[in-house]
Amino acid sequence: SRAGMVLSVLVILLLSVLYEAVKMGKAVLLRRALLALPRSLSQEALTEPQEGDSSPAQGSPSLMAFPISFPRWFWFHVGQTLFHVLQVVLGYMVMLAVMSYNAWIFLGAIAGSTLGYFM
């Protein structure tokens, strides 16, 4: 039906816009993660506690292997991973819709990608 096709095209358009938004969000999160990294990327700089933190297990290697509080850059990396999974899922959904070989669905995906990138 005509209404079903219009709805399908709008859904694909919105999925394409969301894909582009997730892609940009991932780039913003990457920039913040790079700013949160310590200046030195040595293993000591990545695992040593922040200033003012006192940990009773500083000398124990078994307790240092599983820190209780993770550094800030780690949480940015977790966020990037989640954004990446969402981006891959959305990309495959749009690709699957385009592979229906329907010209209107294809144009909806192109228009959504264009609109999402523009925004």
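Which residues make up the largest nonpolar core? Val9, Ile12, Leu15, Val22, Leu90, Val94, Ala97, Ile105 and Ala109 do, nine residues in all. Helix 1 (2-36), helix 4 and helix 5 (103-118) each give two or more residues to this core. Helix 1 gives the most, with four residues. A nonpolar core here is a set of buried Ala, Val, Leu, Ile, Met, Phe, Trp, Tyr and Cys residues joined through side-chain atoms within 4.5 Å. Buried means under 20% relative accessible area, exposed means over 50%, and partly exposed lies in between (1.4 Å probe, protein chains only).

**Basis of the model**

This is a predicted model, in which local features need pLDDT of at least 70, side-chain atom pairs count only at pLDDT 80 or more, and totals for chains, interfaces and linings use all residues. Residues are numbered from 1 along each chain as its sequence is written, and side-chain values use heavy atoms, with hydrogens and water left out.

**Overall layout**

The protein has five helices and zero strands. Along the sequence, the pattern reads α-α-α-α-α. Helices (H or I, at least four residues) and strands (E, at least two) are DSSP runs, numbered from the N terminus. Of the 119 residues, 19% count as buried. The accessible surface comes to about 9,100 Å², and 70% of it belongs to carbon and sulfur atoms. Accessible areas come from the Shrake-Rupley method with a 1.4 Å probe; for residues, only the protein chains shown count as cover.

Contact means heavy atoms within 4.5 Å. Among contacts with a separation of 6 or more, 83% are between residues 24 or more positions apart.

**Helix 1 and the annotated span**

The unreviewed UniProt entry carries the annotation "transmembrane region" for residues 6-22. UniProt positions are given in the numbering used here, feature names are shortened, and annotations may be inferred rather than shown by experiment. In the model, the span 6-22 is 100% helix and 0% strand. Its end C-alpha atoms lie 24 Å apart.

Val9 sits in helix 1. Val9 counts as buried because its relative accessibility is 18%. Leaving out residues up to four places away in sequence, Val9 touches Trp104, Ile105 and Gly108. With the same exclusion of neighbours within four places, Ile12 is in contact with Ala97, Ile105, Gly108 and Ala109.

Ser16 is also found in helix 1. At 1% relative accessibility, Ser16 counts as buried. Beyond its neighbours within four places in sequence, Ser16 is in contact with Val94, Gly108, Ala109, Gly112 and Ser113.

Gln87 is in helix 4. It is buried, at 10% relative accessibility. Setting aside neighbours within four places in sequence, Gln87 is in contact with Tyr19, Val22, Lys23 and Lys26.

Leu90 has its place in helix 4 as well. A relative accessible area of 4% makes Leu90 buried. Not counting residues up to four places away, Leu90 touches Leu15, Leu18, Tyr19 and Val22.

| Pair | Separation along the chain | C-alpha distance |
|---|---|---|
| Val9 and Phe106 | 97 residues | 8.4 Å |
| Gln87 and Lys23 | 64 residues | 6.7 Å |
| Leu90 and Val22 | 68 residues | 9.2 Å |

**Salt bridge**

How many salt bridges does a search of the whole structure find? It finds one. A salt bridge is a side-chain nitrogen of Lys or Arg within 4 Å of a carboxyl oxygen of Asp or Glu. Glu20 forms it with Lys23, and the closest N and O atoms are 3.2 Å apart. Both residues lie in helix 1, three residues apart, about one turn of the helix. Glu20 is buried, with a relative accessible area of 7%. Lys23 counts as partly exposed, at 32% relative accessibility.

**Nonpolar surface**

Val88, Tyr92, Met95, Met99 and Tyr101 make a nonpolar surface patch of about 570 Å². Patches are made of residues with over 30% relative accessible area and no salt bridge; like charges are joined within 9 Å, and nonpolar side chains (Val, Leu, Ile, Met, Phe, Trp, Tyr) within 5 Å. Tyr92 lies in helix 4 (residues 72-98). Is Tyr92 buried or exposed? Tyr92 counts as exposed because its relative accessibility is 53%.
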